[in-house]
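Here are a few exercises to work through with the model open beside you. Try each one before reading its solution.

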Amino acid sequence: MKISTWNQIMKSFEDLMGYDKGQREVVITKRWYFGDKEIEELSGREEKYLVHLLRIRYKEILDESNRKDKKDANQQRLDI
């Protein structure tokens with residue numbers, strides 16, 4: 001995997017979750033499936049699999065965030 005691709009993925013997660021949590025989420029996911037293997041050493045198939053896993057995780061986090069925001073908005077309406 002190219003470092004520029006990895007940095008784009010990291011930036012997306014950082015924008016969604018914040019710097020520390022975003023980096024932690026990506027690194028933990030990578031280590032969970034590929035251990036201590038360096039990003040540059042991932043084969044094309046491994047890269048595609050990692051990107052697939054991170055897309056799924058990104059969507060899960062985004063959905064959780066949207067549900068939380070919706071719940072908070074509904075709670076504010078009830079408080080009025």
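Buried means under 20% relative accessible area, exposed over 50%, and partly exposed in between (1.4 Å probe, protein chains only). Helices are DSSP runs of H or I, at least four residues, numbered from the N terminus. This is a predicted model, so local features need pLDDT of at least 70 and side-chain atom pairs pLDDT 80 or more, while totals for chains, interfaces and linings use all residues. Residues count from 1 along each chain as its sequence is written, and side-chain values use heavy atoms, with hydrogens and water left out.

**Exercise 1.** Work out what the 16 residues of helix α2 should span, and check it against the end C-alpha atoms.

*Solution.* Take 1.5 Å times one less than the number of residues. For α2 (residues 19–34) that gives 22 Å, and the end C-alpha atoms are 22 Å apart, which agrees.

**Exercise 2.** Sort residues of α2 into buried and exposed.

*Solution.* Start with the buried ones: Gly-22, Glu-25, Val-26, Thr-29, Lys-30 and Phe-34.

**Exercise 3.** Find what Leu-50 is in contact with (heavy atoms within 4.5 Å), leaving aside neighbours within four places in sequence.

*Solution.* The list runs Met-1, Trp-6, Lys-30, Phe-34, Ile-39 and Leu-42.

Methods:
Helices (H or I, at least four residues) and strands (E, at least two) are DSSP runs, numbered from the N terminus.
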